[in-house]
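Dear colleague,

Please find the structure below.

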Amino acid sequence: MQQKDIKRLTMLLLFAPFALWILLLILLPHIGMVILSLREKVAPRVYEFGFGNYIDFAMEPIYWNTLLRTGSMALLVTALALLIGFPIAYYIAKVAGFRTRGALFLLCLIPLWVSDLIRAFGWILLLRETGVISTFLQWSGAIDGPIEFLYNDATVVVGLVYTVILFMIVPLVSTLDGMDNSMIEAGYNLGGNGFTVLRRIIVPYAMPGIVSGCIVVFMLTAGSYLTPILLGGKNSSWFTEQIYDQFITRFNWESGAAFGFLLLAFTSLVIWLGLKLSGQTLANTVAKS
Amino acid sequence: ETLRLLTWGSYAPEELVQKFEKEYPDIDVEVTFSNNEEMIAKLRATGGAGFDLAQPSHDRIYAAQLEYDIYKPMDLSKIDTSVMEPSLLEGVKANTTIEGEVYSVPHQWGTSGLMANKEMAPDFKGWGDLCDPKYKGKTSMRLKRTILLGTAFAMGEDPFAAYADLDKYQEILDKVADKLIECKGNIKAYWKGGDDLSAMMLSGEIVASETWDSTAYKLFGQNENIVFVPPETGALAWIDTFTLPRKGKADDAAYKWINFVLRPENVTIMSSSTGSMASVKGAKDLLPPEKKVAVSAAFTDADISNLKFFANIPPGVEDMEGKTLEKIKAATGG
Amino acid sequence: MLLQSNPSPFLWGYRIYVAAFFIFLAAPLVAAGAFAFNDSLFPALPWQGFTLDWFFNDTEPKLGMFHDRRLLRGMYYSFVIACFVASLSVLVGTTNAFLFVRGDFPGKNALYIVMVIPLVIPGVILGISILVLASDTANYFENSFDLELEFLRPGIFLVVLGQFSFITTITSLVITARLKKFDDSMEEAALNLGASRARVLRTITLPFLRPAMIASGIVAFLVSFENFNTTLFLVGSEAPLTITMYDRMAKVGSTPVLNAVSFFLMVGSGLLALVSIFIQRDKSVR
Amino acid sequence: MTPNPTFDLECNNIAKSFGKVRAVNDVSFTIPSGSFFSILGPSGCGKTTLMRMIAGFEEPTGGDIKIKGKSVLGTPPNKRNVKMVFQHLALFPMMNVYENIAYGLRCSGHDKDEIKRKVHDVLERIALPDVADREIHQLSGGQKQRIAIARCMVLDPDVLLLDEPLGALDLKLREAMKIELKLLQHQFNTTFIYITHDQSEALVMSDHVAVMNKGDFEQIGTPQELYHRPNTAFVAGFVGDSNRWTGRVKSGDATGGMAETDQGLPIKFTANGQSQISEGETVDIFVRPEFIRTLRGADRQSPVEPHETSIDGVVDSLLFNGANSRVLVRGSTGQLIEADVTLTGSGDLTPGEDVRLAWSSEQATCFARHEAS
Amino acid sequence: MTPNPTFDLECNNIAKSFGKVRAVNDVSFTIPSGSFFSILGPSGCGKTTLMRMIAGFEEPTGGDIKIKGKSVLGTPPNKRNVKMVFQHLALFPMMNVYENIAYGLRCSGHDKDEIKRKVHDVLERIALPDVADREIHQLSGGQKQRIAIARCMVLDPDVLLLDEPLGALDLKLREAMKIELKLLQHQFNTTFIYITHDQSEALVMSDHVAVMNKGDFEQIGTPQELYHRPNTAFVAGFVGDSNRWTGRVKSGDATGGMAETDQGLPIKFTANGQSQISEGETVDIFVRPEFIRTLRGADRQSPVEPHETSIDGVVDSLLFNGANSRVLVRGSTGQLIEADVTLTGSGDLTPGEDVRLAWSSEQATCFARHEAS
Ligand SMILES: Nc1ncnc2c1ncn2[C@@H]1O[C@H](COP(=O)(O)OP(=O)(O)OP(=O)(O)O)[C@@H](O)[C@H]1O
Ligand SMILES: Nc1ncnc2c1ncn2[C@@H]1O[C@H](COP(=O)(O)OP(=O)(O)OP(=O)(O)O)[C@@H](O)[C@H]1O
Ligand SMILES: [Mg+2]
Ligand SMILES: [Mg+2]
């Protein structure tokens, strides 16, 4: 009896930090954000309950275009990261020798330890019209005049892929690592060619890793701020920038909160759809990594 | 005690800070760089706490105070107002008096205008020239309210006058937006800070741009061909102020700092860092020599008298302008 | 494995691709690092010669990073914040690990997923939602009780909370994974050998978790150190390094001193990362 | 009810339920001091649960456990002088061998010198005097095994519990460790309780074996008793290999009789002492392969003795396994019968050959089916 | 060099090195159609490497492999009609049973109906007609095993390779699967090549067994040949249990002689056909426990036949294991000798009893040591 009480007490003690964390730092702030987003400013220091901020959003094509644009670019980045990252992950997990594997994995992680800012900064140094690449190309005679690589959507995509690809590679490597080599060999042994083995065995096996990587990458991309701001050109608006503007330059917390909530809802919806389509659950993907 | 400054990038040169700390050994200066919007946003979030002295522009005080109550009135008796250029002081006072209390005094003033590389764009004159196809892909601007106002002036409107009638103002904004969207193809990129602007200009990636005068002066020091060009319609002038956040905790130190930087010898140091003019009497003479040359190269007396000072922003205008800017940003072009 | 056995043109193509990828990974970092040694006021070509001024010089205009008080102060704040965040999140991560591995309560699986969610909430949103809640609370107390709760205003405390809110997920996952590998019979064995519960925890369970705790602590430290998105909204007058650097870049103008800081951070966090990997590769598990 | 100190361990009607699952079912037994006692049963029969109750990790739902005559109900596990070797040994990987062994001594507050002496002493006794400074992962499987035992033995326990400690080892090592364990028990002269589902381990090492099935003890006895005189069909089937038939008693009395298998094969049997078998009853009949004689060629025609059962059949296949070779004979009624056979490589049986199998009725053990579900 | 289609598989001087490690060393063998061929050897001797070369996953560094008479060097693995059952089966966890089996058929482009028919056909044949829709994790160990085989067999391979497929199963199931595998091979009548380090598996199932050691084949033969007439000391020691002594030949000729073990025990032996043994040579002598007679009481005094060796000793301990019981006898010279013995539970040997052990010189196999390192 007494032992049971002690157990219950320990359980409670263990539960408290978790509950406080989730409640105070995740749940309540988000509820607060939703409530704030439902306030309409009618006059200085006077607010009313209403859906005005959402209506504003719906009425203003700029906003939802930006959201859609952000969403679709995030999807593009996710797809690219997967396409580029998968062969790398496969190489690290399956092709590289034992020692190279560790080294390559480490190499993969190194950019992770440097902040977004520095990475974007590096890209700027490389890509600007008078930057390293343009200069190099001129020097080598490949082009006549300087070329501006910066300030367009393609650069933003490259920069984003760069920032997030590690989050794709890491879960992929860990799932592929868990895959028995004999599974691939069995695929060949039973008559499959390289493509069949990839499509029917490796990819389905790596699905949890793929989905997990995609979720994290998508979320990070959709929520990124620095990279699109610093590398983006005159046409590239990003939804987080929009949120930032609402909060900081327009002091409009109410609609900023509404935007924030919309971003969250939108990305969650995309992820939910992705999970449904791939037949995975959050529990066996992200929670596993 | 600590003096926490919330100020512009170059408004607290290290040299001056050290000098100040030497003079008042018990005061530590902590500087946070910011800009107008962020200053207000930060102070709004903190309810006016966290900083002891802020330096928003003269037009951004009135509305923000009405709306968010983030500043506290100044005790002018603690400031040596006698050294200030009276016209600027009076102007700021007029702009920032609420219920009889004065909230700000002027510090630095400067203009927003244009800058051009004389060699490559010799006859660059007005806001409208940014959109001149001659310079296609070789101009830049900052996507903020200044360019809206500048363009409005260039189109023959008086936006400040329209503040009284927001519908009218909206009309102007719409026109401006159309113009700027059309112009989008002409510009290379929107600059975001002095840094990328300088880089583009110095490297020759662009030949002309909207600019702060201070940036232009700085570049003049690097390349004599790059000069500030006051637009025909008048450069837009701002005055950065000293303002006390509502919950500042080191008012005395703040006053000390204000008086300290108003001293002539310190004005020179400050101006060499900011590139702008201090709002003290005889400010031009206190400029460091190379800046003096730059200013002379840029401004004639006529230009000075043609300055358009930013008017107080009434509530709601920021929202309208913000939306317009978003519209421009989101529009495809170029 | 499979591809290795027959070195074909395909394999060579594959290797070149991998090499190209790693060049892609390294390029911006190398660029950011290399310009720290350029003897020029601007972090850009042309190359003006090698210098260490951006690290050690003590006069304007080439003020080296080790003499730049603001950068140093930013670094100091970053360090303080990262230390708090790392220790807090490791602590809570550990209790979470015990909760989810040992505990048995209704809704456990659902709550486990809830635990993962902060990791996928965009950092900007975490920042603003916490900012909103904190300032609303502070305003409420101010208006109703005339009580100034300064810690709820943007500042180090909120920054720590904001980073903590999603970094804890990382530490929880790492420590949980480790605890799952723990063989419960090890605790029973210790009990069986006469140890009290507290002693078992101290001598068996925690030592077993230690590599994961240290490694996740280092990860937490680094993530906190480099965080921007969440911090941006919560920062008060004590700006950590990333914010200071961003302000420099966006509001003052970048000089190679930023490259120097970048280089310094790259080397520093690279070393830390190595330490963490070294610790995690311990002998006991596998 | 008076404490009987000659028993190191007594369990009285001990039982344990997990919710609706009855893992252990009113089990009673006593274990004399210094003996090697095995609990043998199929997976999931409740062996581990029983052992965990003895060690104190589970609270029995009923019954009493006495160690050295004193009830230990309510005594927490760290206060019981019963040590346990876990299936995967549970050596502490973050400590070296010395620290692993010293752990228990430290917990009980011995002083440093004494710990040192004792640890080296026990390392001597397990014949690994030089490994004190090794890390656990530097040990071989068999060495780990011995360290796990040493770690317990250094505390001088009343009873040592071992839960399938050989389960994780490979075949060859398992064989070697069987003998080793028995020697160690001799060495320490402590009561060992050994859990296994491998009958050969139980038979080879133990003084006494309890066969457990679905939470119950079916029989306790020496290995020979279990093998030669099983009390129940389960024991007969589980311990050692057997041909097993179900059939119906045609005629018989208390001492034996005649049954016919479901396939129609008549078999003479001796009734098992424990159970009464009456005519018409359904029975399980067990005949061990080593008791079946295989008669070839002319021998096939020689008359069998009256108490013997004989069947004619055809060799279906030969399973050569050295000394343990088997022949599978398909009897006239179609079923396969296994018999031990010695195959020397020349003049052996060949598939297709006609043979006669014969065995004594004494070797045909028979159990009534009433217990079956 | 002409294709010989009665051999499903021929390997000629096949070799494989990994850097400096010589994993397989000029191995040659042929496997007749439809036979069950095992490769038996200790861990790390190169079995898997050999099999992977046959399957095409490794390129041999020398030699040739022919399947159905055609060299397959350079043929990629997916083009060889050699299927493989992997040690951990490598069933695809993301597909159900039907898809697993259909995978190979789909790869070779069969149409849907045919695939369906074939899959159900093969499921019939492995006696699991109803599991088509199950997920892999819903199968028991033995069922998985059979699915892994079915997945290969549905493709009608020339040769089926099995790499220790029973290694991961538990004891009882392994026993059962041994017989099952043999039956399946009969069923499909395909050549099976079976890799194992468990001699009992190899002996029970195979038509022919190759014993491999350090990359070389030591002997190929039927299980009986290997067991009764080993060619090398390694084979004698690895296949079946043995008492093993090293000693020195005191006297002898080509047919046999007398050796003395290092402990001073004189042993009569018959020379192994393959090797010449001369006086003074160091030899390994093997005697299997089942060929040692244990004489008790009065029998001890009866004279042994001249070709027999006899030793007096004391029973050290008894290892009761049903039909496979052993007695450990400590001989007069101190060493332990194992002998098979039948323990019935009454009138058995007891520890401490004086006994005499005797065995025929024919059962004492002897190998000269010159090959040893
Ligand atoms: N904590 C528990 N909760 C519920 N049921 C349990 C628990 N522990 C054991 N059981 C059940 O009790 C029964 C006996 O389990 P036990 O572990 O004692 O078997 P075992 O004989 O040790 O088997 P094995 O040889 O596989 O180790 C099983 O049916 C098992 O499912
Ligand atoms: N890819 C490889 N690279 C280097 N050495 C290898 C490789 N594969 C096997 N070896 C070496 O070749 C030898 C034979 O290995 P192999 O796997 O064939 O042994 P095995 O007989 O299958 O052993 P086991 O019974 O343990 O599976 C071993 O010494 C092994 O270390
Ligand atoms: Mg168990
Ligand atoms: Mg192998």
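Buried area is the accessible area, taken with a 1.4 Å probe, that two parts lose on being put together, summed over both. The model is predicted, so local features need pLDDT of at least 70 and side-chain atom pairs count only at pLDDT 80 or more, while totals for chains, interfaces and linings use all residues. Residues are numbered from 1 along each chain as its sequence is written, chains are lettered from A and ligands numbered from 1 in the order in which they are written, and side-chain values use heavy atoms, with hydrogens and water left out.

Chain A and its neighbours

Chain A and chain B bury about 3000 Å² between them, and 49% of this lies on carbon and sulfur atoms. Contact (heavy atoms within 4.5 Å) links 33 residues of chain A with 38 residues of chain B. One salt bridge is found across this interface; the term stands for a side-chain nitrogen of Lys or Arg within 4 Å of a carboxyl oxygen of Asp or Glu. The partners are B:R44 and A:E254, whose closest N and O atoms are 3.9 Å apart.

Between chain A and chain C, about 7000 Å² is buried, 82% of it on carbon and sulfur atoms. Here 80 residues of chain A touch 79 residues of chain C, and the count of salt bridges is zero.

Helices (DSSP runs of H or I, at least four residues) are numbered from the N terminus. Axes are lines fitted to C-alpha atoms over the stretch in contact, and angles run from 0 to 180 degrees between N-to-C directions.

A helix pair within chain E

The axes of helix α4 (residues 141-153) and helix α5 (residues 171-188) of chain E come within 11 Å and cross at roughly 20 degrees. Therefore α4(E) is roughly parallel to α5(E), the term for angles under 35 degrees.

With kind regards

Terms used. Helix = DSSP H or I, 4+ residues; strand = E, 2+ residues; numbered from the N terminus. Parallel < 35°, antiparallel > 145°, perpendicular 65-115°, else oblique.
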